[in-house]
Amino acid sequence: MTGTAAPFAADDYRARMERAARSAAEAGLAGLLVAPGPDLVWLTGYAPTAVTERLTLLVLAPGQDPVLVVPTLEAPDAAKAVGASALTLRDWTDGKDPYAATAALLHAGGRFGISDNAWAMHLLGLQKALPGTSYASLTEALPMLRAVKDTAELELLAAAGAAADATFEEIRNVSFGGRRESEVAADLAGLLRRFGHSQVDFTIVASGPNGANPHHEVGDRVIERGDMVVLDFGGLKDGYGSDTSRTVHVGEPTDEERRVHDLVRAAQEAGFRAVRPGVPCQEVDRAARAVIADAGYGEYFIHRTGHGIGVTTHEPPYMIEGEEQALVPGMCFSVEPGVYLPGRFGVRIEDIVTVTEDGGRRLNDTTREMVIVD
């Protein structure tokens, strides 16, 4: 795919690149090196048709015009990206040294932030060309680079959330009992696409004892009457992510199943209520976790409370103990506590939440009450 991931203009990409360069300087970096992936799409609107061994790298540095180093045979596609007019294309041909071409753009003794997904061969090639340089991953150096969304991004995330909600409203009406997890997962994927997703990243259908595994790989287990079923699904719509979880029950639940579901719902509400500007991320985790721990199920809540979302479905910030980054209006992340009882069942309830000027706003609005399915 080439071109934009969302309906943004060249000036939007120019502003993002300028902000990224300023952020790099504030972090004590000589610049940023951005390989193909979500950061490159967010900064330029460009995603190569295929990522190969040929070097493609965006170079951002304070006081320097952005430069995209790109293979000659891919330059025409790069030039079509909406953000291309805000940067300079510098192409290189097969048989030439792309690292020498890139090194000419870099401070010989500088420390640079580099995309987490940059190939090792490319990083090693740069180090060989410029032995005096050093590097830090973008997640380490600028974890909040994409974290605060603007109005247009929030609208796209809200639309993706609404599409995921529409998917849940449809899936709750299909038959679960007697069908394989893989069949329900296929239904989820089809519904996400019907409601506008171009990419489906995951469709977890974890029934009965499989629900005790938060990242259960969908299999051929036949869903039975009496099963609790964890549904966790999402992907990209117009370049921005959705991710929601609901836990349904096939037939009438037991008193214990209802009690655990109500507990997770209360924890999810507590996590949501903790969201407001200036609060450290870890406080969202603490609020949700305390509800579950106080009820005696703390050892069965085995993952963080949330993760950021944007042009990818998992990105900073993370709602986890030890993360002291303060919440800022425009941040978007999941709030998704769970309880997982080995060999028995699991429950997870997840909404995407955005920080507002005085609190938080959910981007998922389907019921968080127990849903009974056939």
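Leu57 touches Leu33, Val34, Ala35, Val67, Leu68, Val69, Thr102 and Leu126, leaving out residues up to four places away in sequence; contact here means heavy atoms within 4.5 Å. This is a predicted model, in which local features need pLDDT of at least 70 and side-chain atom pairs count only at pLDDT 80 or more, while totals for chains, interfaces and linings use all residues. Residues are numbered from 1 along each chain as its sequence is written, and side-chain values use heavy atoms, with hydrogens and water left out.

Leu57 sits in strand E2. Helices (H or I, at least four residues) and strands (E, at least two) are DSSP runs, numbered from the N terminus. With a relative accessible area of 2%, Leu57 is buried; the cut-offs are under 20% for buried, over 50% for exposed and partly exposed in between, using a 1.4 Å probe and protein chains only. Go 310 residues along the chain to Thr367, and its C-alpha atom is separated from that of Leu57 by 44 Å.

How far can you trust the model? The predictor's confidence in each residue is pLDDT, which runs from 0 to 100. The protein chain averages 96, and 98% of the residues score at least 70. Residues 1-5 stay under 50, and the model has 17 contacts beyond four places in sequence for them.

Now for the core. A nonpolar core is a set of buried Ala, Val, Leu, Ile, Met, Phe, Trp, Tyr and Cys residues joined through side-chain atoms within 4.5 Å. The largest one has 33 residues, and Leu32, Leu43, Leu58 and Leu68 touch the most other members. At least two residues each come from helix H1 (10-26), strand E1 (31-34), helix H2 (38-44), strand E2 (57-61), strand E3 (64-71), helix H3 (75-80) and helix H7 (151-171). H1 gives the largest share, 4 residues. Apart from this core lies another, of 20 residues, among them Leu192, Val200, Val205 and Ile223.

H1 itself deserves a look. Its 17 residues reach 24 Å from first C-alpha to last, close to the 24 Å expected at 1.5 Å a residue; that expected span is 1.5 Å times one less than the number of residues. Ala10, Tyr13, Arg16, Met17, Ala20, Ala21, Ser23 and Ala24 are buried in this helix. Looking down the axis of H1, these buried residues fall within an arc of 160°, so they line one face of the helix; the arc is that of the directions from the helix axis to the C-beta atoms. Asp11 and Glu26 are exposed on the face turned away from the buried side of H1. What do the buried residues of H1 pack against? Their partners are E1, H2, E2, E3, H7 and strand E9 (240-250). Gly28 follows H1 and has a positive phi, near 80°.

On to the aromatics. Rings of Phe, Tyr and Trp (its six-membered ring) pair if their centres lie within 6.5 Å; planes under 30 degrees apart count as stacked, over 60 as edge-to-face and the rest as tilted. The structure holds 4 such pairs. One of them is Phe8 with Tyr240, edge-to-face at 6.3 Å centre to centre with 65° between the planes. Phe8 lies in the segment before H1 and Tyr240 in strand E9, so the pair ties together parts that are 232 residues apart in sequence. Phe8 counts as buried at 8% relative accessibility, and Tyr240 is buried at 1%. Together with Tyr13, they form one aromatic cluster.

A couple of backbone details are worth checking. Most residues other than glycine have a negative phi, and most peptide bonds are trans. Asp238, though not a glycine, has a positive phi of about 50°. Asp238 belongs to the loop between strand E8 (228-237) and E9, and counts as partly exposed at 41% relative accessibility. The peptide bond from Pro316 to Pro317 is cis, with omega near 5°, and Pro317 is in strand E11 (residues 315-319).

Just after H10, Gly296 takes a positive phi of about 90°.
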